Amino acid sequence: MTAIATTLPDWNPLSLWYSDGWTVTKRNLIKIKRSPDVLVFAVIQPIMFVVLFSQVYAGAIQVQGTDYVQFLMAGIFAQTVVFGATFSGAAMAQDLKEGIIDRFRSLPMSASAVLIGRTNSDLVLNTISMVIMMATGLVVGWRVNSTVPEFLAGVGLLLLFGYAFSWVMALLGMTVKSPEVINNASFLILFPLTFISNAFVPSETLPTPLRIFAEFNPVSSLVQAARQLFGNEGSAPVPDIWTMQNPVLTVLIGVAVMLLVFVPLCIRKFASISSR
């Protein structure tokens, strides 16, 4: 009898890594499709902030040199992508509780591919949220006053920051003891970053200690970069410090630092964790 040779596909490590990452990404996106309430609640909160600040507080908040709605929307966009990154942490904590992470670790697949699949799905979710938030902004009077390339660069910068920050939250999700803890733990990080910033009010109106924090807050740089790229600065004064005068470069440096620090930490943590 003649032996029948079976030829297996000759996949290189890069192809296997890409395939693993794409498989996990699809798995997470299917979970969102089956639970659309995740997307609904991810979008409702920033819409509430838009309505609250643009329709309720706009008359009481004056910004020198620009309309408050134009000033506000970049802050809402930044808040949306930062809050959206928490899904990585919550999902990792939940997968740990359910033992799914242990199943991934038992398979011949790359640890980094699993984490990239997780953060990629959050990037998709953030992109959908961003489109909805921009449509909401147009309804309340927000307008883009820059060129198409600048607008696209602004959107890309926001999503890139959100993607990098999702690695921070993924590490937090693998560190906390249970999924119930992740929301409280994440808000201890998110609220100072988003509210002690220039997202909703000019930083120069804050008390001195908070103003200093806000001016060096990476979210403030992200907001300032978005205002600049969307043409929403008007003639509003910009603090005379390097981070605010060079917000785009500051954000890119911050993204690089987050990825260089937290991607290896996440991979190392993923390799060491066990079922809880």
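Q: OK, what does the chain average in pLDDT, and what share of residues score at least 70?
A: The average pLDDT is 83, and 86% of the residues score at least 70. This is a predicted model, so to speak of its ground rules: local features need pLDDT of at least 70, side-chain atom pairs count only at pLDDT 80 or more, and totals for chains, interfaces and linings use all residues. Residues are numbered from 1 along each chain as its sequence is written, and side-chain values use heavy atoms, with hydrogens and water left out.

Q: Which elements have the lowest and the highest mean pLDDT?
A: The lowest is α1, with a mean of 69, and the highest is α10, with 95. Over residues 1–8 the pLDDT is below 50, and that stretch has zero contacts in the model beyond near neighbours in sequence. Contact means heavy atoms within 4.5 Å.

Q: How many helices and strands are there?
A: There are 12 helices and zero strands. Both are DSSP runs numbered from the N terminus: H or I with at least four residues for helices, E with at least two for strands.

Q: And what share of the chain is buried?
A: Of the 276 residues, 47% are buried. Buried means under 20% relative accessible area, exposed means over 50%, and partly exposed is in between (1.4 Å probe, protein chains only).

Q: Switching to packing. At what angle do α7 and α12 pack?
A: About 30 degrees, with the axes 9 Å apart. Axes here are lines fitted to C-alpha atoms, for helices over the stretch in contact, and angles run from 0 to 180 degrees between N-to-C directions. The pair therefore counts as roughly parallel. The cut-offs are under 35 degrees for roughly parallel, over 145 for roughly antiparallel, 65 to 115 for roughly perpendicular, and oblique for the rest.

Q: Which residues meet there?
A: Among them are Phe 161, Trp 167 and Met 174 in α7, and Leu 259, Phe 262 and Lys 269 in α12. The contact divides into 22 nonpolar residues, one polar and one charged. For those classes, Ala, Val, Leu, Ile, Met, Phe, Trp, Tyr, Cys and Pro are nonpolar, Asp, Glu, Lys and Arg are charged, and the others, Gly among them, are polar.

Q: How do α10 and α12 cross?
A: Helix α10 (residues 218–230) and helix α12 (residues 247–272) cross at roughly 135 degrees, and their axes come within 8 Å. That makes them oblique to each other. On the α10 side the contact includes Leu 222 and Gln 228, and on the α12 side Pro 247 and Thr 250. It divides into six nonpolar, four polar and no charged residues.

Q: Changing topic: is Ala 42 buried or exposed?
A: Buried, because its relative accessibility is 17%. Ala 42 lies in helix α2 (residues 37–57). Leaving out residues up to four places away in sequence, Ala 42 touches Phe 87 and Ser 129.

Q: And where is Arg 27 found?
A: Arg 27 is in helix α1 (residues 13–34). Its relative accessibility is 22%, so Arg 27 counts as partly exposed. With residues up to four places away not counted, Arg 27 touches Asp 95, Ile 100 and Phe 104.

Key. pLDDT is the predictor's confidence in each residue, from 0 to 100.
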